[in-house]
Structure formats: C-alpha cells, structure tokens
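Hi,

Here is the structure I promised to pass on to you. Please open it alongside this note, and then read on for what turned up.

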Amino acid sequence: MSVPGPTLARMTALPPPQLSLSADEARRIALRAQGFIGTPDRRGGARGVLRALGAVQLDTISVLARSHELIPYARLGAIGRKAVERAYWSDGHAFEYWSHAACILPIEEWPHFAFRRRARRARGHRWHVLQDAERSIAAVLDRLRADGPLTSTQLGGAKNGGPWWDWSETKIAVEWLLDTGEVVCTRRSGWKRIYDLSERAVPADLLHDDLDDTACMRRLVAQAGTAMGVATRADLADYHRLKGEDVASVIADTGLVPVEVEGWGKPAWADPAALATEPRGRHRTTLLSPFDSLIWDRPRTERIFGFTHRLEAYTPKPKRVHGYFAMPVLAGGRLVGRVDPAREGRTLVARQVSLNGPKAVQPTADAIVEAAGWVGCTDARVERVLPESLREPLADAVKRSHDRR
C-alpha cells in the first residue's frame, strides 16, 4: 500500500493530495475491517462480531439458518447456534432498532439513534395508523409496567385476523413506542419480539436522548467507516441509512481520512487504523448471507468485487437466475460463485450452484461441506450447476471435502 509522506498522523492533518489506494488494497482493507482476513478472535464470539460491525441485519428468511446467525458463522466458523442467540439476546448486551434495516445493535449505541427516535416522534405516526392513539398507547405502557416483558401476542394479539400486514391496534401501538424509544426489544423468542420499557431495560447511563443530531451522525458515520475500512460517502450513508447530506456535514469531524481509490471514480474515506498496517493473514472461505454487511450494499459490492448480486426470494420462481436464497461464495478474498441451499432431513442440498470458473470448484465444495456440518447435516448433495461442465467436478470435490472432515 502506498502511503506518501513521513507518517500517517501527519498526513491525516494535511489537505489533499490524498492518500492513494489500489483497488486491490481497498478490497483487502474492506475484508479485514469486516473480519474476513486474519485469524479470527474467537474470544469475543458473536458479541465481538456485533461490536466490530456495529449492526447485524435481521430477516425472516431461514434456509440454512436465519441471517443474524449466518453473520458470525461466516467470520468465526462453526460457532454454536445457541451460543449466537445467547450472545445477542442475553444480559442486555444488544437491542433491536432501525439501522440499515431492522438490525441487532450493541446496547451502547442506544444514545446515537436518538436522531431517529426524534424524527419518528416528529412525524407523529408510522405507516399503520392508530384509531385511538392515546388509549392504545396508555394500555400498552400500563400492561408492560405491570407484567412485562411481553410479546405482542401476550399484549393482546399482533393481527386482526387478516393477512400479516393487518396489524391489531395493540401491535401498532407497541411498534410506535418501539420507534420512538419508550419501548425497546432486547431479545427475541421463537422469532417474536419481546417488548419491555426502555427505562427498565436500557442501562441508566445510556437511557437518554441528550445527543443532538450532529453528534449522532458523527458517531454513526465514524462507526460505519471503521466497519467498512474504506468507503465512499454513499457507502457511509447506506450503512445506517443516513442521508448523504448528513454524512457530508460531519465527515470532516469523524477522524476518517480522505483517500483516492483506483477505479472508484468517487471520493472516499478510510479508517486511519485500517491504513496503518497491511491487511495480511488467512482468507476465510464461506457462504455469505445476502444480508451480510460485507455485501448488503449492491453498488459497493459491484465496485469492490466486480460481482453483481441480488436476492431473488421475492422474484417469481420462473424468473430466478441463481435461486431463492443464493448465497455468494467468498474464497481467497474474492466472490467466486453462488450456492442456493436447502435442507432435506440431514442432507444439505445445493439446489443450484453458479461458479465463476474451475478454480472456484474446491473452495465452493469446502464452503458447502462446512455449512452442512454447522447446521447438523451429515451429508451434502449437489443438484444443478452452472456451467454444467463443472457439475461432476463439484460433486467429486464435495465428496473429497466431506471425507476429510
């Protein structure tokens, strides 16, 4: 990595010319920042991963496992799934709120989302409108004070009996209170949110909205920059779904360093700590959730990896190209293919595999077999492979990988 000048500290204080990074250097910085290069520190477990990333996205889809389980697995390997759930949902170490989407967040970030709670309060409603807001909100708060923590079912029911979006008045009220900060979700059970009063669940030293919007933005932009290693303004905004102008207004005060990245064509900023040492070490080979923060931003994924990916779960089956929940394969710091998995009893089935070339065969086989073992499968089977000429080599590689384990 070429870093001109006598010291990084001196350079960060100087105006342009900027530091210059090759596209390959930027890619490796991003991988290390996200935890995919080097020997993982397993001591921190899933909590360590959460704090390093700053946000872990939740989603209802579960194929191998739910996405929030796949995130630490992708970085740490076959960490126990129950241990992952305990790491997120026990001892008040995390809370759920709106970041990149619905995300698990470290509890110490509670004050930094005050700007979003204020904005929700100022708007006065969510997309579901309460018929009798004062009565419904008071009823939920009274019930939580007396009997909480509770699920929406325990509070009085989540739905009116219609489709999933036909929320009951109670559900709308408790979600409004979650949006505005009077109620918090610090754990789930059976995929249901368990709601509690924020004053009871959030540590007293964090339970405040004292930080103004600028202070919140400054912290979240800095955190996003650290989690990504190097990023454009659009990347920084997308990480916690901020506005581009808000990022621009605080970026000079975040400590991030202006850099130029070969081929990006846009100004970028890097975490000084990421520039201080060369990203070296073992590359992780793994299947990635489409909701992994390494790849959740599609334009960034195309820019860094030259890899176009989209989730096709909501695409009609005849129009799918790579499959319902195609998971990109990360190997050697590159995205080398996709696997659309399913489970049949104790067998992990790769229903469709798309490979970039012959060199992707063995890493993809290793990733399939490791994932199978992690979810308790004793066998793995490959079905459709593109290109078709790689189907037999991949099936043989899966067998070899399975025999080695």
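This is a predicted model: local features need pLDDT of at least 70, side-chain atom pairs count only at pLDDT 80 or more; totals for chains, interfaces and linings use all residues.

The chain is divided into domain 1, residues 16-286, and domain 2, residues 310-404. Taken over C-alpha atoms, their centres are separated by 29 Å.

**The largest pocket**

The largest pocket holds about 800 Å³ of space. It is lined by 26 residues, and the closest to its centre are Thr60, Trp167, Arg188, Trp191 and Arg193. Which element gives the most to this lining? That is strand S6, with three residues. S6 spans 192-197, and it is one of the elements that each supply at least two lining residues, along with strand S3 (94-98), helix H8 (152-155) and helix H9 (169-180). Sorted by class, the lining has twelve nonpolar, nine charged and five polar residues.

**The second largest pocket**

In the second largest pocket there is about 380 Å³ of space. Of the 20 residues that line it, Arg282, His283, Arg284, Thr285 and Glu370 lie nearest the centre. Two or more lining residues come from each of helix H4 (67-76), helix H16 (361-374) and helix H17 (391-404). H16 has the largest share, three residues. Both domains take part here: domain 1 and domain 2 each give at least three residues to the lining. Its class make-up is eight charged, seven polar and five nonpolar residues.

**The nonpolar cores**

The largest nonpolar core has 47 residues, and Phe95, Ile104 and Leu236 have the most contacts inside it. Helix H11, residues 213-228, supplies the largest share of this core, with seven residues. Another core lies apart from it and has 38 residues, including Leu64, Leu70, Ile368 and Leu390.

Leaving out residues up to four places away in sequence, Phe95 touches Cys103, Ile104, Leu105, Pro106, Ile107, Glu109, Trp110, Phe113, Val184, Cys185 and Thr186. Ile104, in that list, is also among the residues with the most contacts inside the largest core.

Terms used:
Residues are numbered from 1 along each chain as its sequence is written. Side-chain values use heavy atoms; hydrogens and water are left out. On a 1 Å grid over the protein atoms alone, a cavity is a set of points where a 1.4 Å probe fits but cannot get out, and a pocket is an open set with protein on both sides within 12 Å along at least five of seven lines; lining residues have an atom within 4 Å of a point. Grid points are joined across faces, edges and corners, and a volume is the space filled by probe spheres set on the points. Helices (H or I, at least four residues) and strands (E, at least two) are DSSP runs, numbered from the N terminus. Ala, Val, Leu, Ile, Met, Phe, Trp, Tyr, Cys and Pro count as nonpolar, Asp, Glu, Lys and Arg as charged, and the others, Gly among them, as polar. Domain bounds come from an automatic or database domain assignment. A nonpolar core is a set of buried Ala, Val, Leu, Ile, Met, Phe, Trp, Tyr and Cys residues joined through side-chain atoms within 4.5 Å. Buried means under 20% relative accessible area, exposed over 50%, partly exposed in between (1.4 Å probe, protein chains only). Contact means heavy atoms within 4.5 Å.
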